[in-house]
Amino acid sequence: MKKILQKIHNAFLSDDFSESIAIERSGIYLIEITASAKSWWQNTVARRSFLKKDSLTIRINANDIVEQKKKMRADDFWNGNVLKGNNQTVYVCMFFESGTANSISADFDNDGVNELVLIFDDPLGHEYLTIMIIDQEGSTLKHTQQKIDRQYSGGPPTAIDVTSDAIPEIIVYSTGGRQDVQAYLFRYDAGALHLVQAFERNYLRADFIYSDQNGNHIPEIIVRGEQYGDECMACDHPRIEEVFEYEPSSETFVLLSSKLEKTKETPYNVLIE
């Protein structure tokens with residue numbers, strides 16, 4: 001193992017702090033972060049804040065890195081009431097892709113251990129997306145992957161239980177390189193990725209919202225955007241809202257409602273909320 005980068009920041013953090021790191025080669029990297037945190041009493045005496053402890057956590061690729069709970073410890077990595085001004089070093093081991101990559105971590109197979117999901121663009125021809133999941137098996141790591149025929153990632157994936165079985169599914173977003181958005185819902189089970197549903201209608205500038213609006217304890221998937229056909233991207237498109245819900249008896253997602261609203265000269269570069 002060799003050190004490839006070192007950065008020292010002697011700074012007092014009062015808000016979010018971000019650091020961008022360029023990865024030249026794909027692989028598994030070990031990140032070492034050292035910081036200190038003060039207790040509520042130290043902050044009160046120093047007049048930095050009143051009755052508030054320091055609390056620091058880590059986010060990588062817009063996803064929280066969650067520490068396993070320990071006795072007498074909080075969920076944040078640097079808890080001022082525990083450290084009382086002392087330093088603590090945290091190590092994070094993750095796979096990074098040299099190209100565009102998005103990731104998310106959760107327990108997708110209900111085995112009590114989080115898996116890591118990575119989304120990769122095709123770095124050469126942009127002909128497909130790769131969905132990879134890394135799982136711990138004993139003292140080793142294994143991975144499985146699938147490809148979908150879409151050119152670009154549409155942002156970080158979502159981990160959410162939309163089938164009401166208390167196990168989160170993986171929702172991957174993709175685009176054709178412009179502002180069209182599609183979504184693919186995967187289940188991870190028995191060491192394999194299974195495509196459950198593909199939302200491949202031509203949605204333009206769309207949002208995917210997850211909310212149990214009818215109160216039956218099964219979240220609906222609400223898609224709000226513009227309906228896009230063969231017309232130009234800059235043309236006026238009708239607004240569309242479609243609501244889907246998982247049906248346990250058929251193990252499929254059914255369309256509950258669909259609303260279409262004609263707009264007048266909708267600007268090409270504006271996302272209507």
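This is a predicted model: local features need pLDDT of at least 70, side-chain atom pairs count only at pLDDT 80 or more; totals for chains, interfaces and linings use all residues.

Colleague: Which strands pair with S9?

Modeller: For pairing, follow the bridges. Strand S8, residues 115-121, is joined to S9 by six bridges, and the two run antiparallel. In that pair, Asp121 stands opposite Leu129. Strand S10, residues 140-148, is joined to S9 by nine bridges, again antiparallel. Here you'll find Asp135 opposite Lys142.

Colleague: And what do S9 and S10 form together?

Modeller: A hairpin, with two residues between the strands. Take a look at Gly138 in the turn: its phi is positive, about 70°.

Colleague: Okay, let's zoom out. How many helices and strands are there in the chain?

Modeller: Two helices and 18 strands. The chain has 273 residues, and 38% of them count as buried. Its accessible surface comes to about 16800 Å², with 49% of that belonging to carbon and sulfur atoms. As for contacts between residues at least 6 apart in sequence, 44% join residues at least 24 apart.

Colleague: Now the inside. Which residues have the most contacts inside the largest nonpolar core?

Modeller: The general idea is that in soluble globular proteins, nonpolar side chains tend to be buried together. In this model, the largest nonpolar core has 18 residues, and those with the most contacts inside it are Phe199, Tyr203, Phe208, Tyr210, Ile221, Val223 and Phe253. The elements giving two or more residues to this core are strands S13, S14, S15, S16 and S17. S15 gives the most, with five residues.

Colleague: What is Ile221 in contact with, leaving aside its neighbours within four places in sequence?

Modeller: Quite a list: among them are Val162, Leu185, Phe199, Phe208, Tyr210, Glu242, Phe244 and Phe253.

Colleague: One more. Is Gln197 buried or exposed?

Modeller: Here you need the cut-off again. Gln197 lies in strand S15. Its relative accessible area is 19%, so Gln197 counts as buried, since the limit is under 20%. Leaving aside neighbours within four places in sequence, Gln197 is in contact with Ala183, Tyr184, Leu185 and Phe253.

Methods: Residues are numbered from 1 along each chain as its sequence is written. Side-chain values use heavy atoms; hydrogens and water are left out. A nonpolar core is a set of buried Ala, Val, Leu, Ile, Met, Phe, Trp, Tyr and Cys residues joined through side-chain atoms within 4.5 Å. Buried means under 20% relative accessible area, exposed over 50%, partly exposed in between (1.4 Å probe, protein chains only). Helices (H or I, at least four residues) and strands (E, at least two) are DSSP runs, numbered from the N terminus. Contact means heavy atoms within 4.5 Å. Accessible areas come from the Shrake-Rupley method with a 1.4 Å probe; for residues, only the protein chains shown count as cover. Two strands pair if DSSP finds at least two bridges between them.
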